[in-house]
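Here is a briefing on one protein chain. Look over the sequence and the model, then read the points below.

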Amino acid sequence: MDLGLTNRAAFVAGASSGLGRAIARELLREGCRVAICSRYQFRVDLAKEWLMEKCKVSSERVLGIVCDVTDEDQIKRGIEQTIDAFGGLNILITNAGGPPTGKIDDLDASAWRNAIELNLMSTINLSRAAIPALRTAAKEENALSSILMITSLSAKQPIPSLYLSNVSRAGVQGFSKSLSEELGEKGITVNTILPGYTRTDRLTHLSESLNEQTGRSIEDIEKEWASSSALKRIGTEEEFASAATFLVSQRARFITGVALVVDGGAVKSLL
Ligand SMILES: NC(=O)c1ccc[n+]([C@@H]2O[C@H](COP(=O)([O-])OP(=O)(O)OC[C@H]3O[C@@H](n4cnc5c(N)ncnc54)[C@H](OP(=O)(O)O)[C@@H]3O)[C@@H](O)[C@H]2O)c1
């Protein structure tokens, strides 16, 4: 199936590793030009080299940008750099690291503020910065203009040890639905994708942190995660990235305002 992604321009936030980098890889394989960002130059450089090698593409097709998505000015500069390099923008993927674990007595006001900045405000500010270029892209012939926000299974089924994620992701779901309604008539799709337990650095840090807090072995923690899904395993980055790539493609042009869970069947609700 041709996804209609050839030569489209994409910006993937939080893409020096994990789910963001995996999406960047799929988009490059489908023929996109991709800007990746993270907080550190050396991590951006390593990811760029990795992507060029894996996808057999030249350096002009991958733009590495140092951008902390909690900083609005850095976001504006990053989006501008992308538009300057690629001549426009068709696809925005919002993403960042996940917040720490903790329940009500573990978290002070600054922990709450940091999580809202990292996962909610970054999504809003990335979208605000990209929307003018996405509106322009939506007017072109054979248009493709889409936003995809990475949230978490915790937005649909809160995770007991992850208050900060449960709350900040719920805000992103509300933002996404509102934005899909407003931008729909302009031809811009807005969706969210909710990963379940997927093998990345984040997952390793999460199991280490729970091991420290509870004394349970990492093996036990991961076994429980795997068995919570219908497919009885932890997902791979590639599986997640395939679903994300479809959602921002031309083949998904009548899909907007949805929250797609990619979790091997871990969420147990009917809808
Ligand atoms: N993996 C899972 O099982 C899972 C499940 C549910 C939800 N999620 C959520 O999905 C998102 C991605 O997860 P992941 O597993 O890919 O995490 P990851 O492996 O830790 O990767 C996070 C990426 O975000 C970048 N990043 C972190 N803070 C940033 C900032 N302030 N500005 C710009 N870039 C930033 C990191 O790059 P630098 O460190 O180089 O800046 C890295 O490239 C997270 O929000 C996570 O909580 C993951």
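Strand 2 (residues 33-38) is mostly covered, with six of its six residues buried. The model is a predicted one.

**Strand 2 and its two faces**
- In a regular strand, side chains alternate between the two faces of the sheet.
- Arg-33, Ala-35 and Cys-37 lie on one side of strand 2, and Val-34, Ile-36 and Ser-38 lie on the other.
- Both faces of strand 2 are covered, and these residues are all buried.

- Strand 1 (residues 9-12) runs parallel to strand 2, and four bridges join them.
- Val-12 has Ile-36 of strand 2 as its bridge partner.
- Strand 1 is also joined to strand 4 by three bridges, and these two run parallel.
- Ala-10 has its bridge partner in strand 4, at Ile-91.
- Strand 4 is in turn joined to strand 5 by four bridges, again in parallel.
- Thr-94 is bridged to Met-149 in strand 5.

**Strand 4 and its two faces**
- From strand 4 (residues 91-94), Ile-91 and Ile-93 point one way.
- Leu-92 and Thr-94 point the other way.
- All of these residues of strand 4 are buried.

**Leu-27 in helix 1**
- Leu-27 lies in helix 1 (residues 18-29).
- Is Leu-27 buried or exposed? Leu-27 counts as buried because its relative accessibility is 0%, and the cut-off for buried is under 20%.
- Leaving aside neighbours within four places in sequence, Leu-27 is in contact with Leu-5, Ala-10, Val-12, Cys-32, Val-34, Thr-245 and Val-248.
- Among these contacts of Leu-27 are Ala-10 and Val-12, which have bridge partners in strand 4 and strand 2.
- Val-34, another contact of Leu-27, is a buried residue of strand 2.
- Asn-119 is 92 residues from Leu-27 along the chain, and the C-alpha atoms of the two are separated by 23 Å.

**Two loop residues with positive phi**
- Most residues other than glycine have a negative phi.
- Lys-56 has a phi near 55°, a positive value in a residue that is not glycine.
- Lys-56 sits in the loop between helix 2 (41-55) and strand 3 (62-66).
- Lys-56 is exposed, because its relative accessible area is 70% and the cut-off for exposed is over 50%.
- Asn-142 is not a glycine either, and its phi is positive at about 55°.
- Asn-142 is in the loop between helix 4 (109-138) and strand 5 (146-150).
- Asn-142 counts as exposed, with 52% relative accessibility.

**The whole chain**
- The protein has eight helices and seven strands.
- Its radius of gyration is 18 Å, close to the 18 Å that the globule rule gives for 271 residues, so the protein is as compact as a globular protein of that length.
- The C-alpha trace spans about 55 × 40 × 40 Å along its principal axes.
- Of the 271 residues, 51% count as buried.
- Among contacts between residues at least 6 apart in sequence, 73% join residues at least 24 apart.
- The accessible surface comes to about 12900 Å², and carbon and sulfur atoms account for 51% of that surface.
- The protein has 31 positive and 33 negative charges, and their mean positions are 4 Å apart.

Key
Residues numbered from 1 in each chain as written. Predicted model: local features only at pLDDT ≥ 70, side-chain atom pairs only at ≥ 80, totals over all residues. Heavy atoms only, no water. Buried < 20%, exposed > 50% of the residue type's maximum accessible area, 1.4 Å probe, protein only. Rg over C-alpha atoms; globule rule 2.2 N^0.38 Å. Contact = heavy atoms within 4.5 Å. Areas by Shrake-Rupley, 256 points an atom, 1.4 Å probe, with all protein chains shown as cover. Lys, Arg positive; Asp, Glu negative; His and termini not counted. Charge placed at Lys NZ, Arg CZ, Asp CG, Glu CD. Pairing = 2+ DSSP bridges.
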